[in-house]
Amino acid sequence: MNILLIEDESLVARNLQKMVQELDPAAQVLAVLDSVAAAVAWFRQHPQPDLVLADIQLSDGISFDIFSQVAVEAPIIFTTAYDEYALKAFKLNSLDYLLKPIDKAELQKALEKYKKLENTHLLSEQLKQLIGGTAAGSKKYKERFLVTQRKSLVPVEAGEIACFHKEELIYLHTFGNERFIAEYATLDEIQDLLNPAHFFRANRQYLIHIHSIDRIRSTYKGLSVHLKPPLNQEIDISREKAAAFKEWISE
């Protein structure tokens, strides 16, 4: 579990990190950010974390300002010394709302809530793939995508697509080293259009074609998959998804 910590009080941040690592030794804190500006910049330059722990009141504003400037798909656990923001927090992608000083037992409950949510999401994805595999003979999958190239529309065959990659926008990468903007809002939407025998949802950022895979190695997080040139990308697959990935690639 990769966690982004947004907290402007260094002592509180250190205590939170310590509690997280005591409660889940496998968890990794990717960064500790102390302002709205730093968080916005981080989200624009990095893949989405699995979970965000965010103080509401920061040195240069409130953390809600972050989520109005960048798209954050990860669940958020808000922390604050005040309860006046609770309603607004739950209107966002909020998983929980913890009052300071943070109680370790309450943090544990929030982390367990995240794990249950993640397991439910994983089971849903596996069920989609199972149903998709069963109905592969009857369901018609998308064979090509129309993309814009120099003010013209160009068809790209699904078999030519190495992967879809979500940053601020979703990009389609071909085996011929071309990159186009995919005019879709989410990877979930694209995944439903593709044959699950050919494409796998590796994580929140990547939807990969089976022929794009160069090599696979085990890591303490799960699996690390290296995509073939010209992509040359190393992407992570969580331990929870590793079994489904191995089954998919060996079919």
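1. Two strands count as paired if DSSP finds at least two bridges between them. Helices (H or I, at least four residues) and strands (E, at least two) are DSSP runs, numbered from the N terminus. The model is predicted: local features need pLDDT of at least 70, side-chain atom pairs count only at pLDDT 80 or more, and totals for chains, interfaces and linings use all residues. Residues are numbered from 1 along each chain as its sequence is written, and side-chain values use heavy atoms, with hydrogens and water left out.

2. Strand S16 covers residues 222-227 and pairs with S17 in the antiparallel sense, over five bridges. Asp236, in S17, is the bridge partner of Ser224. Strand S17 runs over residues 234-238. Its covered face holds Ile235 and Ile237. Glu234, Asp236 and Ser238 make up the uncovered face. In a regular strand, side chains alternate between the two faces of the sheet.

3. Asn232 is partly exposed, with a relative accessible area of 44%. The classes are: buried, under 20% relative accessible area; exposed, over 50%; partly exposed, in between (1.4 Å probe, protein chains only).

4. Asn177 also deserves a look. Its phi is positive, about 65 degrees, although Asn177 is not a glycine. Asn177 lies in the loop between strand S11 (170-174) and S12. At 55% relative accessibility, Asn177 counts as exposed.

5. Next, the sheet. Five strands form an open sheet in the order S12-S11-S10-S14-S13, with antiparallel pairing. Strand S12 (179-181) and S13 stand at the edges, each with a single partner strand, so one side of each has no neighbour in the sheet. The twist averages 20 degrees from one strand to the next. S13 and S14 pair in the antiparallel sense over three bridges. Ile208, in S14, is the bridge partner of Phe200.

6. Helix H7 (residues 239-249) packs on this sheet, touching S13 and S14. Contact here means heavy atoms within 4.5 Å. The direction of H7 makes about 175 degrees with that of S13. Axes are lines fitted to C-alpha atoms, for helices over the stretch in contact, and angles run from 0 to 180 degrees between N-to-C directions.

7. Check Arg204 in the loop between strand S13 (199-201) and strand S14 (206-209). At 19% relative accessibility, Arg204 counts as buried. A polar contact of 3.3 Å joins its side chain to that of Asp50. Such a contact is a pair of N or O atoms within 3.5 Å; within protein, one must be able to donate a hydrogen and the other to accept it, and residues adjacent in sequence count only if both atoms are side-chain atoms.

8. Helix H1 (residues 10-23) has 14 residues. From first C-alpha to last it reaches 20 Å, close to the 20 Å expected at 1.5 Å a residue. The expected span is 1.5 Å times one less than the number of residues. Ala13, Leu16, Met19 and Val20 of H1 are buried. Seen down the axis, the buried residues of H1 fall within an arc of 130 degrees, so they line one face of the helix. The arc is that of the directions from the helix axis to the C-beta atoms. Exposed Leu11 and Lys18 sit on the face turned away from the buried side of H1.

9. Finally, a cis peptide. The bond from Lys100 to Pro101 is cis, with omega near -5 degrees. Pro101 is in the loop between strand S7 (94-99) and helix H5 (104-134).
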